[in-house]
Amino acid sequence: MALDRSLIAALPAFADLGARDLDAILASARSSRYPRNSEIFTQGEKAEQFFLLLSGHIRVVRTTPDGEQVIARYINEEELFGIAIAMGTRTYPASAIAAVDCVVIAWPNSVWHDLQSRFPAFGASAYQTIGKRLQETQARVVEMSTQQVEQRIASAVLRLVSQSGRKTPDGIEIDFPISRQDIAEMTGSTLHTVSRLLSAWEDQGIVRSGRQKVTVTDPHALMLVAENRRRR
């Protein structure tokens, strides 16, 4: 059964397209649900599809040659991902894991070139996504090489709040489950260090953290930590 065009009609990648074009884009697509912590694809797997996240959050994880896991980023709703074909690679460079229950649309790679030629806004959106992620990767490399661990962790929490923050009476909550180990894997630090810093920031009224939940209660103070401008 063909997917309903209303699923994508309001998304930036498909802006200004008519009903017939939307139906054509979805003709070869299928939707799937992935429960929390399930893999959508695995690092090194042959890339045969590309994807759009309709709902949920996805954790992108790379495994180093020595077996260490690094969280490269989180994918938010309405983002394209797994677009290895646009990067000219035959395999997925990382694993995509559902951070919460997710709904995903997938297309076979065989339609990629046709879609981007027939619908330039779609292709432009994909390459903008690649460019943005390259910039994020470069920024992360700079952080890892120039910032102290406290700054890196503060920057990572602020980035997550900016991308996926939800206002609550207590502050701005990262709107998906995230553990201290996840933050450690994002920042090249250890679980002990993340736990120590979050506990200290909680004592100072900067954050509130619980089981796989982090809420920033004082974003300005956390920004000062990230920029190493806080008075000791």
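What handedness does the crossing of α5 and α6 have? The crossing of α5 and α6 is right-handed, where right-handed is said if the near helix is turned clockwise from the far one by less than a right angle, and left-handed if anticlockwise.

Before going on, a word on what you're looking at: this is a predicted model, in which local features need pLDDT of at least 70 and side-chain atom pairs count only at pLDDT 80 or more, while totals for chains, interfaces and linings use all residues. Residues are numbered from 1 along each chain as its sequence is written, and side-chain values use heavy atoms, with hydrogens and water left out.

**Helix packing**

The axes of α5 (149-164) and α6 (180-187) come within 10 Å and cross at roughly 110°. That makes α5 roughly perpendicular to α6 (65 to 115 degrees; under 35 is roughly parallel, over 145 roughly antiparallel, the rest oblique). Axes here are lines fitted to C-alpha atoms, for helices over the stretch in contact, and angles run from 0 to 180 degrees between N-to-C directions. Helices (H or I, at least four residues) and strands (E, at least two) are DSSP runs, numbered from the N terminus.

On the α5 side, Arg-152, Ile-153, Ala-156, Val-157 and Leu-160 meet Ile-183, Met-186 and Thr-187 of α6, contact being heavy atoms within 4.5 Å. By class, this contact of α5 with α6 has six nonpolar, one polar and one charged residues. Nonpolar covers Ala, Val, Leu, Ile, Met, Phe, Trp, Tyr, Cys and Pro; charged covers Asp, Glu, Lys and Arg; the others, Gly among them, are polar.

α6 also packs on α7 (residues 191-203), at an angle of about 110° with the axes 8 Å apart, so α6 and α7 are roughly perpendicular to each other as well. The α6 and α7 crossing is right-handed. Here Arg-180, Gln-181, Ile-183 and Ala-184 of α6 touch Leu-191, Val-194, Ser-195, Leu-198 and Ser-199 of α7. The contact of α6 with α7 splits into five nonpolar, three polar and one charged.

On a 1 Å grid over the protein atoms alone, a cavity is a set of points where a 1.4 Å probe fits but cannot get out, and a pocket is an open set with protein on both sides within 12 Å along at least five of seven lines; lining residues have an atom within 4 Å of a point. Grid points are joined across faces, edges and corners, and a volume is the space filled by probe spheres set on the points.

| Space | Volume | Lining by class |
|---|---|---|
| Largest pocket | about 900 Å³ | 23 nonpolar, nine polar, eight charged |
| Second largest pocket | about 340 Å³ | six nonpolar, five polar, seven charged |
| Largest cavity | about 40 Å³ | three nonpolar, one polar, four charged |

The largest pocket has a volume of about 900 Å³, and of its 40 lining residues the closest to its centre are Val-60, Arg-62, Ala-72, Arg-73 and Thr-137. Its largest share of lining, nine residues, comes from α4.

The second largest pocket holds about 340 Å³ of space; of its 18 lining residues, Glu-78, Glu-79, Leu-80, Thr-129 and Lys-132 are the closest to the centre. β5 and α4 are the elements giving two or more residues to this lining, with the largest share, six residues, from α4.

There's one cavity of 30 Å³ or more. Arg-140, Glu-143, Met-144, Arg-152, Ala-156, Arg-159, Met-186 and Thr-187 line the largest cavity, and α4 (120-146), α5 and α6 each supply at least two of the lining residues.
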